[in-house]
Amino acid sequence: MKKFIFFLLAASINHVALAQDSKIDSSKYPPFKIFTAQQDQENMMQQLGIKVLRPGPSGNPSAPDHANYDTTKADPCPQIPDILTAKNGKKITTADMWWKVRRPEIIEDYEREVYGRIPHNVPKVTWTVKVVDREFIFPGFIPVVAKQIVGHVDNREYPLINVDIKMILVVPMNVKGPVPVLMMFGFPSFPSPAQPSADDMETLNTTFKDVMIKTNPAVKNIFDKYPAYSPITKSSINFFAPPPVGDAPPTGQLLAAGWGYLTIDPTSIQADNGAGLTVGIIGLVNKGQPRKPDDWGALRAWSWGAARALDYLETDSLVDAKKVGIEGVSRYGKAALVTLAFEPRFAVGLIGSSGKGGATLLRRNFGEAVESLTGGEYYWMAGNFLKYGASEASFGSKTGCDLPVDSHELIALCAPRLTFFSYGVPEKGDANWLDHRGSYMATIAAGTVFKLLGAKDLGVSNDYMKEKMPPVNTGLLDGQLAWRQHDGGHTDAPNFKYFIPWATRFLNYEKKPAQ
Ligand code: GCU
């Protein structure tokens, strides 16, 4: 008798779709491992010969093991790696040397030790437009086309795991296309689904009443008592709503500026937890088995999904695929930076409050630590990254100071493309945990590469130890590398009204009315 597959959806691997085709003969495939995050992390520690990891600091400033917030102790490592010195000691003095020698060296170190490698055999993604909806967006009454698009990853080699990447593209139709698009890590929904006309509503209500009466004839009396009652109603849209106080939402600002946007669901690519590493796209490629030390982590998997979404955009005639940006906040700010760094087809990035594992120098000891990224957050990173949090291991011990690379080099991988760093302020919730100064230092140090490649950096010196941070609400927006700390919280929304004109100008995009 054939064995059929049953699915135990452990709560911890939520959001990750497992194959639901009950016709699959599971006995043909080795089952995928069901690990807790702790079991998965221990498996990786064993592979690396790690016995003990240093615990990460607490984010609570009154806890005894709280993170360091003493600026005099924030820079424990002697120096950050010299961005313009090759491994053989030669100085990188030309753009050509950067592209041919130094950039590949940095990529190799980052892939092996920090974020992991994308395997060579990742199966193909097939994109299907499921729904095309013509909508109007308020305020502004902007006509748009909204497309719900699903990317199915070929899983014929291992049908026990199913990955369907979910996204929604929204493009303004009142401007001449193709338009630039900002891809955002987030949770896709139709902005303003079109609603049936009055006649269609009447048909829906008559049919609905008939079906109900057929199911339960007693209901007829109720409908007869309230003859004008319609059980199905439109959702309320107030055409005469006063303009909202403050700025329009970021998506509204993009559409008003003639940009489209695309929201992509990162958890439809890879779960945001360690237990999910044997499923999702990482698990599918590994046929349900645990990772090897240089395999990709969740951040790299999310960025892979974004690059596949860009493959789709290249086929959509409404979109100018040469003018596509990537955006995210917090963990998705890290993912946006990783995407921009590794995928040169993205023209621009808005990197929101990315902190450690994003723009902040890994070597800094201020707020979130390397030990946080090797602790509960280990699954964002390559397995090899655990080595830098090890206090007892076959190789002794290592700290962040031993890392071959640091985030000024990650930022430099984006050069000379448009790269905007956004932060808020701790008083409003963009916590000190993020180490704003550590990100500023990395951005300053990355500037030398932007200049080497003929672009403009922040416009201050590249002395990352000496340069003072600009005041809050003062943008450094004159170059391809940009910085602005707004006076709000853990969001990049207040910076959109600076980001959009900056990106529009550097991309040479001119919004024109549709013909
Ligand atoms: C935690 C984590 C950060 C992360 C943030 C988030 O604070 O330590 O690295 O950016 O969560 O994504 O919300």
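How many aromatic pairs does the structure hold? The structure, a predicted model, holds 19 aromatic pairs. The legends below describe selected close-up views.

**View 1. The pair formed by Phe499 and Trp502.** The ring centres of Phe499 and Trp502 lie 5.9 Å apart and the ring planes meet at 45°, so this pair is tilted. Phe499 and Trp502 belong to helix H12, which spans residues 496-506. Because they are three residues apart in this helix, about one helical turn separates them. Phe499 and Trp502 are both buried.

**View 2. The pair formed by Trp502 and Phe506.** Between the rings of Trp502 and Phe506, the centres are 6.0 Å apart and the planes stand at 65°, so the pair is edge-to-face. Trp502 and Phe506 are four residues apart in helix H12 and are therefore separated by about one helical turn. With a relative accessible area of 2%, Trp502 is buried, whereas Phe506, with a relative accessible area of 23%, is partly exposed.

**View 3. An aromatic cluster that includes Trp502.** One aromatic cluster is formed by Trp259, Phe420, Phe496, Phe499, Trp502 and Phe506. Among its members are the residues of the tilted pair, Phe499 and Trp502, and Phe506, the edge-to-face partner of Trp502.

**View 4. The charged end of Lys209 over the ring of Phe223.** In this view, the charged end of Lys209 is placed 5.5 Å from the centre of the Phe223 ring, over which it sits.

**View 5. Arg484 over the face of Tyr498.** Here Arg484 is found 3.6 Å from the ring centre of Tyr498, lying over the face of that residue.

How values were computed. Residues are numbered from 1 along each chain as its sequence is written. This is a predicted model: local features need pLDDT of at least 70, side-chain atom pairs count only at pLDDT 80 or more; totals for chains, interfaces and linings use all residues. Side-chain values use heavy atoms; hydrogens and water are left out. Rings of Phe, Tyr and Trp (its six-membered ring) pair if their centres lie within 6.5 Å; planes under 30 degrees apart count as stacked, over 60 as edge-to-face and the rest as tilted. Helices (H or I, at least four residues) and strands (E, at least two) are DSSP runs, numbered from the N terminus. Buried means under 20% relative accessible area, exposed over 50%, partly exposed in between (1.4 Å probe, protein chains only). A charge sits over a ring if NZ of Lys or CZ of Arg is within 6 Å of the ring centre and within 35 degrees of the ring normal.
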